[in-house]
Number of protein chains: 2
Amino acid sequence: MDTLILSSADTREIVRRVGLNAIMDRMIDALRSTLASLVPDRTVVPLRSGFHYHEPMPGLIEWMPIMENGSRATIKVVGYHPENPDRYGIPTILGTVSSYDVRTGHLIGIADGTFLTALRTGAASGVATQLMASENASVVGIIGCGAQAVAQLHAVSRVVDVTDVLYYDIDDSTVQSFPERCSILQLDNVRFSASEPGDLVQFSDVICSATSVDIGKGPVFADCDTKPWLHINAAGSDFEGKYEIPRPLLERSVVVPDVLEQAVSQGECQQLDGHQIGPELIEVVCREDLQRGLGKKRTVFDSTGWALEDHVALNLFMKYALEFDLGSYIEIESVSHDAKNPYEFVFNGVLQVDSPDALSG
Amino acid sequence: MDTLILSSADTREIVRRVGLNAIMDRMIDALRSTLASLVPDRTVVPLRSGFHYHEPMPGLIEWMPIMENGSRATIKVVGYHPENPDRYGIPTILGTVSSYDVRTGHLIGIADGTFLTALRTGAASGVATQLMASENASVVGIIGCGAQAVAQLHAVSRVVDVTDVLYYDIDDSTVQSFPERCSILQLDNVRFSASEPGDLVQFSDVICSATSVDIGKGPVFADCDTKPWLHINAAGSDFEGKYEIPRPLLERSVVVPDVLEQAVSQGECQQLDGHQIGPELIEVVCREDLQRGLGKKRTVFDSTGWALEDHVALNLFMKYALEFDLGSYIEIESVSHDAKNPYEFVFNGVLQVDSPDALSG
């Protein structure tokens with residue numbers, strides 16, 4: 001029973017063959033259609049859990065499990081280590097995503113979770129933006145211009161006709177490198193303008209916030225007048241005590257969490273009372289009456305990250321791996337011919353012949 | 001940043017090179033010395049969690065995480081599907097174990113968790129038997145002769161001079177095949193005798209129970225007179241409502257759980273009040289005063305399975321993989337040269353040259 005190992009080279013090849021824009025489009029479509037058809041009773045999503053620590057570096061390693069009853073389970077294990085870029089030149093977010101057969105427990109496949117996390121977090125904002133942004137939106141504000149910002153802008157650019165990108169980061173070099181990093185998106189007719197947060201918030205139709213603001217140091221911009229149809233994707237990594245958006249602005253907005261229970265403990269919804277929180281994203285996807293008029297209102301998508309997004313992304317990449325015949329198949333689990341003898345696989349009947357000494361070692 | 005993939009062939013090769021007896025000895029030694037030197041504050045072991053279900057087959061998929069602060073985290077994902085052997089000819093327990101660098105979140109390696117689970121569950125009983133069995137023990141009783149029983153007997157045979165094995169299973173064919181399955185252990189001067197549970201319990205010095213008894217159907221043998229120094233390793237898989245040992249016998253014994261919190265919810269300790277439960281295994285390992293006299297008393301090791309055991313086993317196999325130059329190194333996590341651009345890895349600077357169309361797909 002082999003396990004499909006999708007190397008980063010395989011992931012790269014899939015993205016190159018499908019195309020970066022097409023894969024974001026597929027991911028947005030797949031996520032939205034999965035949300036629209038999801039049977040809650042058949043999909044089990046325990047709250048994520050993990051190790052949080054401050055030594056030797058601040059960081060966390062989390063596992064995010066999800067099971068589609070009778071079919072597959074997906075577990076993403078993802079690290080968030082903000083010192084990775086400066087210290088090791090590697091991404092803050094490193095992860096892998098694994099797929100299990102619910103009938104047998106077999107590990108079907110394992111793939112990159114780093115690009116997939118960016119892609120699926122972007123795609124979630126893409127779905128939210130489709131549903132909640134003004135149909136005439138054209139100015140996109142980016143607050144926090146790190147790794148996730150590229151995918152956020154990418155996703156929004158697939159569902160909004162972007163003319164202008166206003167961008168801000170507390171770190172000057174991150175500001176300076178942002179347009180160059182976005183060149184990969186080939187947004188050729190889009191004007192990029194570094195902006196102060198006040199201007200950015202005032203002039204944007206859609207904002208994506210994706211910061212690593214410290215716990216207790218939010219919000220990341222001051223409340224001010226906004227366009228009455230401003231849609232915000234609040235996508236920064238989430239901790240207790242961490243939030244990005246000013247509370248009064250949340251209170252003037254329809255706030256849509258991805259997962260309510262998680263959002264009230266780790267997301268923007270920490271700042272709100274229950275009655276101030278709107279429907280979950282899945283409800284908005286499923287109910288046209290809830291969608292109506294959202295494009296004319298202030299809206300906030302409180303994105304805390306959802307294992308369902310990883311599940312959809314992994315299944316998409318595994319489907320492409322099969323289609324393109326990519327990946328390596330390796331048997332990892334030891335399977336004895338005799339299911340009642342875990343040692344049998346070691347010798348598989350050849351014990352007497354060629355390894356008489358192996359037991360005496 | 002490559003990930004070490006240890007295939008089942010690599011695991012096999014390690015066991016063949018080291019030798020089956022030697023690897024059990026190393027595993028028992030490593031587990032005992034890890035327990036003896038463990039700094040509780042620096043080792044974080046969340047209770048395991050998982051998906052439990054009855055459709056399409058009864059089973060569970062669990063994740064068992066552990067972190068050594070500042071060093072490595074291990075997560076075993078293990079399936080328990082009792083219909084696997086009959087339906088698919090594969091083991092009830094299928095699993096993989098993964099190691100993560102706590103500094104960065106990087107997946108260091110992944111290996112088989114099926115053989116490792118048998119080995120480490122055996123080794124835990126080995127440590128318990130070293131500490132609690134009579135020094136003159138020679139008769140070992142095996143209740144439940146499935147896959148785990150082979151490793152249980154193996155471990156006990158490494159720490160006790162076994163002369164007789166009495167064995168029982170509710171399934172006749174499992175009884176009949178047990179001595180043949182144990183031939184791999186080369187216990188050449190040991191007498192194997194199929195026994196009724198009553199005789200088995202009465203005449204054994206050490207008993208290992210490793211059954212798949214249904215929830216609410218325990219115990220797996222009736223209470224009776226036992227040798228006053230009987231030591232039991234209660235190693236069967238653990239659920240709420242599942243137990244193997246008669247309560248009165250537990251009440252006459254010193255009951256040592258591997259992890260108290262888990263044992264009281266899933267192990268034999270479910271049947272006891274708090275004051276009837278003895279010290280945890282780690283306390284017995286660390287404190288000679290607690291060890292004294294145990295060999296003359298009735299003792300029960302309530303083994304519910306501990307992520308620490310997986311952590312020690314995986315580290316042992318990864319050490320051997322390095323020593324023997326085994327395993328495949330595959331980069332799974334996508335790492336962009338630019339840590340702030342998750343898309344950069346896709347094109348790595350060659351976008352303009354050879355894939356101008358990739359973005360338009």
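This is a predicted model: local features need pLDDT of at least 70, side-chain atom pairs count only at pLDDT 80 or more; totals for chains, interfaces and linings use all residues.
Trainee: Why is A:Glu309 called buried?

Mentor: The relative accessible area of A:Glu309 is 1%. Buried means under 20%, and therefore A:Glu309, at 1%, is classed as buried.

Trainee: Where does A:Glu309 lie, and which residues does A:Glu309 touch?

Mentor: A:Glu309 belongs to helix H12 of chain A, which covers residues 307-324. Leaving aside residues up to four places away in sequence, A:Glu309 touches A:Met27, A:Leu31, A:Arg120, A:Ala124 and A:Asp258. Each of these counts as a contact because heavy atoms lie within 4.5 Å.

Trainee: Why are E4(A) and E5(A) said to pair?

Mentor: Pairing requires at least two bridges. Eight bridges join strand E4 (residues 59-68) to E5(A), so the two strands qualify as a pair, and they run antiparallel. Within this pair, A:Trp63 stands opposite A:Val77. The two strands form a hairpin with three residues between them, and A:Gly70 in the turn has a positive phi of about 80°.

Trainee: What other strand pairs with E5(A), and over how many bridges?

Mentor: Strand E6 of chain A (residues 93-101) pairs with E5(A) in the antiparallel sense over nine bridges. Here A:Ala73 stands opposite A:Tyr100.

Trainee: What makes the link between A:Lys340 and B:Asp171 a salt bridge?

Mentor: The closest N and O atoms of A:Lys340 and B:Asp171 are 3.8 Å apart. The cut-off is 4 Å between a side-chain nitrogen of Lys or Arg and a carboxyl oxygen of Asp or Glu, so this pair meets the rule. Across the interface of chain B and chain A, two salt bridges are found.

Trainee: How many residues take part in the contact between the chains, and what area is buried between them?

Mentor: Chain B and chain A each bring 96 residues to the contact. The area buried between them is about 8200 Å², with carbon and sulfur atoms giving 68% of it. The count of residue pairs in polar contact is 24. On the side of chain B that touches chain A, helix H1 (residues 8-18) of chain B gives the most, with six residues. The residues of that side divide into 53 nonpolar, 29 polar and 14 charged.

Notes: Residues are numbered from 1 along each chain as its sequence is written. Chains are lettered from A and ligands numbered from 1 in the order in which they are written. Side-chain values use heavy atoms; hydrogens and water are left out. Helices (H or I, at least four residues) and strands (E, at least two) are DSSP runs, numbered from the N terminus. Buried means under 20% relative accessible area, exposed over 50%, partly exposed in between (1.4 Å probe, protein chains only). Buried area is the accessible area (1.4 Å probe) that two parts lose on being put together, summed over both. A polar contact is a pair of N or O atoms within 3.5 Å; within protein, one must be able to donate a hydrogen and the other to accept it, and residues adjacent in sequence count only if both atoms are side-chain atoms. Ala, Val, Leu, Ile, Met, Phe, Trp, Tyr, Cys and Pro count as nonpolar, Asp, Glu, Lys and Arg as charged, and the others, Gly among them, as polar.
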